[in-house]
Amino acid sequence: MSDLSKITCIEDLRVVAQKRVPRMFYDYADSGSYTQGTYRDNEAAFQKIKLRQRVAVNMEGRSTRTTMVGHDVSMPVAIAPTGLTGMQHADGEILAARAAKAFGIPFTLSTMSICSLEDVAAGTDRHPFWFQLYVMRDRGFMERLIDRAKAANCSALQVTLDLQILGQRHKDIKNGLSTPPKPTISNLINLATKPRWCMGMLGTKRRTFGNIVGHVDGVGDVSSLASWTADQFDPRLNWNDVEWIKKRWGGKLILKGVMEAEDARLAAQTGADALIVSNHGGRQLDGAPATIDALPSIAQAAGKDIEVWLDSGIRSGQDVLKARALGAKGTLIGRSFLYGLGAFGQEGVAKALQIIHKELDVSMAFCGHTDINQVDSTILVPGTYPL
Ligand code: FNR
């Protein structure tokens, strides 16, 4: 299946990525925390929801176009922020941002990216993208990051609220995934069997955490980064920090990681533009419900002044349609684009977006709709979805 034209679904991309990306980095993407129960539930919960097929309805003139925080998008999907993306494929963040730009959807750059804000701005001819901010103890560094995001033409800021401390992923520990990666025998053997990946990495100049290295006193290379990062995530994060960030940023603000109705109400009170129902793709609180199950009560509690979006577990256009039906105005994809990137670089991300778009368009039509903005819970079979 090394031929892109034979790829028909996200699972195909995952299979190729698993072969091509060194295990330590593939596992980093394809894993959840602890028992991985929430990671698995995110996908499984979508499967339980059934769609109502309508017939003899005019399907001509369909559109998946809509808006996310006022930005026109070709479908209600954005690329989620993922750390170490440049380890799935050399220059991964730039390639994914280019694919998103070509498809007319937003790309979000993680604080923990390999390519820097400036690299992505230059690599996309300063096309606007979104930036994801972690709340860190070093507030001076955060201020500089916010200013750099503005200078790089970022058009929205996502603040991640669910990572004050880190959920443990067993695979990362067993693989010795750290900064810099541990040169264990099995890692070295695995790298030696991935010549394509290694050549790609050698061909790039951007192999550090570009948003951090060189921008913090005493962090000049990857090895000095590890100890700095380890205790930078701020366990004291609270709603006052969100207000401070909102003021400093002054633009569109998105709050990521809301899983409870009460937190949705608090998020709405901050005046943020959108919240993301997210359990970090099952990478933080193992035992948390699937996001699609948590969505309806959050959408109801959030009110009209804040857009509600969803991520975690989206592997198809049908999943996007179901999220939309249950009240998510937008969605984000993490692993679905990472698999494409690891498998085929920019073309693989483009393929992932084409697959999801086509599935969304066709499924919407089968449900009797031609405009994504008209879709609501009436397309779902009663009793198969959470109320
Ligand atoms: C993430 N996620 C994430 N979120 C964030 O706010 N900042 C980050 O740096 C990262 N890093 C990261 C790395 C990897 C490898 C993954 C898979 C995920 C979470 C991400 O933004 C999103 O919430 C999930 O990926 C959504 O779940 P799916 O689509 O991957 O199932």
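Which helices each supply at least two residues of the shell around the ligand? In this predicted model, local features need pLDDT of at least 70 and side-chain atom pairs count only at pLDDT 80 or more, while totals for chains, interfaces and linings use all residues. Residues are numbered from 1 along each chain as its sequence is written.

Helix 2 (23-29) and helix 15 (335-366) are the ones that each give at least two residues to this shell; helices (H or I, at least four residues) and strands (E, at least two) are DSSP runs, numbered from the N terminus. The ligand is surrounded by 24 residues, and the closest are Ala80, Gly83, Ser110, Gly281 and Gly334. Here a residue is near a molecule or strand if its C-beta atom, placed from the backbone, lies within 6 Å of it. By class, the shell holds seven nonpolar, 13 polar and four charged residues, where Ala, Val, Leu, Ile, Met, Phe, Trp, Tyr, Cys and Pro count as nonpolar, Asp, Glu, Lys and Arg as charged, and the others, Gly among them, as polar.

Helix 15 also packs against other helices. Its axis and that of helix 4 (residues 92-103) come within 8 Å and cross at roughly 15°; axes are lines fitted to C-alpha atoms, for helices over the stretch in contact, and angles run from 0 to 180 degrees between N-to-C directions. Helix 4 and helix 15 are therefore roughly parallel (angles under 35 degrees count as roughly parallel, over 145 as roughly antiparallel, 65 to 115 as roughly perpendicular and the rest as oblique). Among the residues making this contact are Leu95 and Phe103 of helix 4, and Phe337 and Leu341 of helix 15 (two residues are in contact if their C-beta atoms, placed from the backbone, lie within 7 Å). Ten nonpolar, three polar and one charged residue make up the contact of helix 4 with helix 15.

Helix 1 (residues 10-20) packs on helix 15 at an angle of about 165°, with the axes 10 Å apart, and the two helices are therefore roughly antiparallel. Residues of helix 1 including Leu13 and Arg14 meet residues of helix 15 including Tyr339 and Lys351. The contact of helix 1 with helix 15 has eight nonpolar, four polar and three charged residues.

Turning to the strands, an open sheet of eight has the order 3-10-9-8-7-6-5-4, with parallel pairing; two strands pair if DSSP finds at least two bridges between them. Strand 3 (77-79) and strand 4 (108-109) stand at the edges with a single partner strand each, so one side of each has no neighbour in the sheet. Strand 5 (residues 130-134) pairs with strand 6 (residues 156-160) in the parallel sense over five bridges, and Trp130 has Ala156 in strand 6 as its bridge partner.
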